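Please consult the sequence and the model shown below while reading.

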Amino acid sequence: MKKTISAAFLCVILLALYLPIFVLALYSFTDSANIGAIHGFSAQNYVTLFTKPELRDMITGTILLALGSAVLSTVLGTLGAVGVHYSKRFGKTFVGAVNQVPVVNAEVVTAFSLCILLIEVCSVDKSSFLPLLIGHVVLQSPFVYLSVVPKLKQMDNSLYEAALDLGASSQTAIRSVLIQQIFPGIVSGFALEVTLSLDDYFITSYTKPATFDTISTYVVNATKGSQTDIKTALWALSTIIFLVVIALVAVMNFTGNRNARRTMEIEKKNA
Amino acid sequence: MQLRNKSRFGLSRAQLSLPYGLFLVCFVLAPLFVIIYYAFTNGEGKVTLDNLLGFLENPKTTGTLLYSLGIAVVTTSVCLLLAYPIAYILARTKYRHKSVVLMLFIMPMWINFTLRITALKEILTIIEGNLSFHPFLNTVIGMTYDFLPFMILPIYTTLLKLDKSLLEASSDLGADALQTFLKVTLPLSVPGIISGIFMVFLPSMTNYVVLDMLYNSTYIMGSLIGAYFAAYDWHGGSMISLVLLMIILVFTLFTNRYADEDAGNGRGGGVVSR
């Protein structure tokens, strides 16, 4: 009985979370411009999405920015975390504390403060993409730092020493022992950074060049505009992103289960 | 030993953190100081309290502050009331595909929020008609829809880590289910609740895009910054930012002792918890 009630509760919340997305997905395959009346099947929205140059540019721009800034912040944040791990107490406290600022700060405040510094004080040109890139790295790198630090704490330090004793140069030891052990943290940090960048509105809108748009800034402008073909093409975009996320989750679950099974087998053998 | 820690370039391992440390100083610390400077100076670079007085004496700005505090308190409460049972059920019950169910609650985090709000707007418009008739209600609905996953995840993580033997001990000592929940489970999940509140409270005070998209209004704190930004009034905008920073600071100081490193970021949890 209790189990039924709790399952029903979960279902209701899930329905509320997903109903809007499903309805939008359904209507993205029709030729109606408003939700409410279905006329007939049409793939026009998907055609518009991939053929209209401004939509195509906006999507590729968003993806390139997300990947580029994520690579940069992963390198920066990982180096930071590794360095701090071997630092004295002051370095640890300092970086740890400042790293927390963008995490807890309101995004709009981060965006505004960066904008004053770069554009007003240092007069960097927004159209150079530099403020945008720096903004996204500020937003993301603290999270890779946070996901690498726990891995460093769990890491077995003697393995690194052993590698050196066995004659590896410290660079080789860092590459093939240290990085190896914290790699899961780096990967999940990277994945998180990409999603943060894809989702960001404030940093982007305060630091981007006037002619450049990411999905977020484009959608916000489009909802105020009156072009219905663009509005409905965005329904198609929402549906595609939803499907991509489902596919990624499925793949992650699959490989995750496989890895878990493999570890269990190894443990069994060792026992 | 000293030699070992040096790499080929003569860098010690600790020095690997220099680029990141420098980056944080330049692009995280420096902007904060710039904001403080701009908040207390005017266009001619003279030190002044005008921006602060302008904020305090203008009924529009103080009204907005109170309104967005109201929005944030209600949104956070609604999220907490919905998220706690969800997290509790997910952490306690043994479903066959529990990881899938958990994923379903987390997945919306990975879909662009502007697209999700677009979807929500379409549905709400069918149900309510003109959304600007109930601005407070629709803002809370929009924010809750957007931020709920960020509240579920940290609470779920803390509940999952909770030592089961404490619950057994409690019932062995004669407490009933409700007492066990109130005296053991709830107090021990406070760190998760706190980081959940952190993830929801501030964004719902500042994310003006949600209401802007729902019914073309921007009557919360974040939008004041947006307005000053649009008018190139760096000094007024800095003052608003400073007020928001103060709110965060006070909040952090009050909750610091409950801090839980692992539940520390609800955003991170989504990927990291696996």
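In this predicted model, 9 residue pairs are in polar contact across the interface of chain B and chain A, with both residues at pLDDT 80 or more. On the side of chain B that touches chain A, the greatest contribution comes from helix 1 (residues 18-39) of chain B, which gives 15 residues. That side of chain B comprises 55 nonpolar, 17 polar and 12 charged residues. Between chain B and chain A, the count of salt bridges is 0.

The size of an interface is often expressed as the accessible area lost when the parts come together. For chain B and chain A, the buried area is about 7900 Å², and carbon and sulfur atoms give 75% of this area. The residues taking part in the contact number 84 from chain B and 93 from chain A.

The empty spaces are considered next. Rolling a probe the size of a water molecule over the atoms shows where empty space is left. Two or more lining residues come from each of helix 4 (89-104) and helix 5 (107-121) of chain A and helix 1 of chain B. Helix 1 of chain B gives the most to this lining, with 4 residues. Helix 1 of chain B also gives the most to the side of chain B that touches chain A.

The second largest pocket has a lining of 16 residues. Those nearest the centre of this pocket are K2(A), S6(A), Y88(B), I89(B) and R92(B). At least two lining residues are supplied by each of helix 1 (2-28) of chain A, helix 3 (59-92) of chain B and helix 8 (177-188) of chain B.

The table sets out the volume and the lining of each space.

| Space | Volume | Lining by class |
|---|---|---|
| Second largest pocket | about 470 Å³ | 9 nonpolar, 4 polar and 3 charged residues |

How values were computed:
Residues numbered from 1 in each chain as written. Chains lettered and ligands numbered in written order. Predicted model: local features only at pLDDT ≥ 70, side-chain atom pairs only at ≥ 80, totals over all residues. Heavy atoms only, no water. Contact = heavy atoms within 4.5 Å. Buried area = accessible area lost by both parts, 1.4 Å probe. Salt bridge = Lys/Arg side-chain N within 4 Å of Asp/Glu carboxyl O. Polar contact = N/O pair within 3.5 Å; in protein donor to acceptor, adjacent residues only side chain to side chain. Nonpolar A, V, L, I, M, F, W, Y, C, P; charged D, E, K, R; others polar. 1 Å grid on protein atoms, 1.4 Å probe; cavity = no way out; pocket = protein on both sides within 12 Å on 5 of 7 lines; lining within 4 Å. Points joined across faces, edges and corners; volume = space filled by probe spheres on them.
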